[in-house]
Amino acid sequence: MSGEKEQWFGPGETARRVGVTTKALRVYEREGLVVPHRAESRWRLYGPTQIARLHQIVVLRDLGLSLKSIKKLVGDHPRLRDILRLQRETLESQQDKIKRAIAIIDVALCQIHEGRDLSLDELAILTKETLMQQPADKKKFLARFEALIAEQDPTGQASRTFDEIKKEYDGDAHKVALKALMEEASRLKEVGDVNSEAAKEFVRRVRSRTAGIRRSTSQAEQELIRDAYTKTLAEAQARSESLWFDPAVLEFFRQVAQGMKERGELN
DNA sequence: ATTCTCACA
DNA sequence: TGTGAGAA
């Protein structure tokens, strides 16, 4: 083909051209990502194929991929699109982690601000409660939830409503407030009286917060979303996936609201 | 300016 | 996932 002879470089020159250290080259070799040729002298020699592969390795590494995943990717013939999708997912999950950490700090700061001094032990408990939840499962749950809504939603109106609800509750302040609400709900549910004044008061309070959403959403859409939720929950439980909320608490308040409706205590 | 191994972060 | 030391 071309008159140009194949060029072979020693470790130093190769490292310089690829933008890594010779140490790194040998780590990649140890992990089975590149196999350089050897001169009689036992010196490593890197040719065009090796250099090309090294370039692939460094670009994937700069994306934050582990050597182990890079090994799988360069060995196979992956579409760049698939690599980027994969990496996007892991970055998103890291982002979730950071967001949860911030939420924990916000809750702690909030309590300190109120004059309540947290011990490290209490912070540890807070961390366990908030950080231990599985972001992957949560995302999976929400994705399935949305998919089921879309399935039964020819006009797309219910999906738009769901999007709005998600946006509405996406802020950190809302998340902290929501967490407080869930804790209160959990305590009320432990009491177990669906007709207690406290439970009914709680329902009224939550409904007043969500009045706007309910007003702008048709009965049919609300039912559609409810159905999708029930199905998603059933599927998740069938796979015994962990959830970040307690479905029993929601069911408890569904009963409270049901009772109130039957007695005409709700509009 | 290279090889290898080992300890260390 | 690399780095630095030390011997060859």
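How much space lies in the largest cavity? About 40 Å³ lies there, in a predicted model where local features need pLDDT of at least 70, side-chain atom pairs count only at pLDDT 80 or more, and totals for chains, interfaces and linings use all residues. Residues are numbered from 1 along each chain as its sequence is written, chains are lettered from A and ligands numbered from 1 in the order in which they are written, and side-chain values use heavy atoms, without hydrogens and water.

Select K140, F141, R144, T232, E235, A236, R239 and E241, which line the largest cavity. A cavity is a set of points, on a 1 Å grid over the protein atoms alone, where a 1.4 Å probe fits but cannot get out, and lining residues have an atom within 4 Å of a point; a volume is the space filled by probe spheres set on the points, which are joined across faces, edges and corners. Colour α7 (135–151) and α12 (219–238), the elements that give two or more residues to this lining (helices are DSSP runs of H or I, at least four residues, numbered from the N terminus).

Next, show DNA strand C, which is surrounded by T21, K23, A24, V27, Y28, R30, R61, S66 and L67, a residue being near a strand if one of its heavy atoms lies within 4 Å of it. Helix α2 (residues 22–30) gives the largest share of this surface, 5 residues.

Finally, zoom in on the phosphate oxygens of DNA strand C: one is 2.5 Å from a side-chain N or O atom of T21, and one is 2.6 Å from a polar backbone atom of L67.

Note on methods: On a 1 Å grid over the protein atoms alone, a cavity is a set of points where a 1.4 Å probe fits but cannot get out, and a pocket is an open set with protein on both sides within 12 Å along at least five of seven lines; lining residues have an atom within 4 Å of a point. A polar contact is a pair of N or O atoms within 3.5 Å; within protein, one must be able to donate a hydrogen and the other to accept it, and residues adjacent in sequence count only if both atoms are side-chain atoms.
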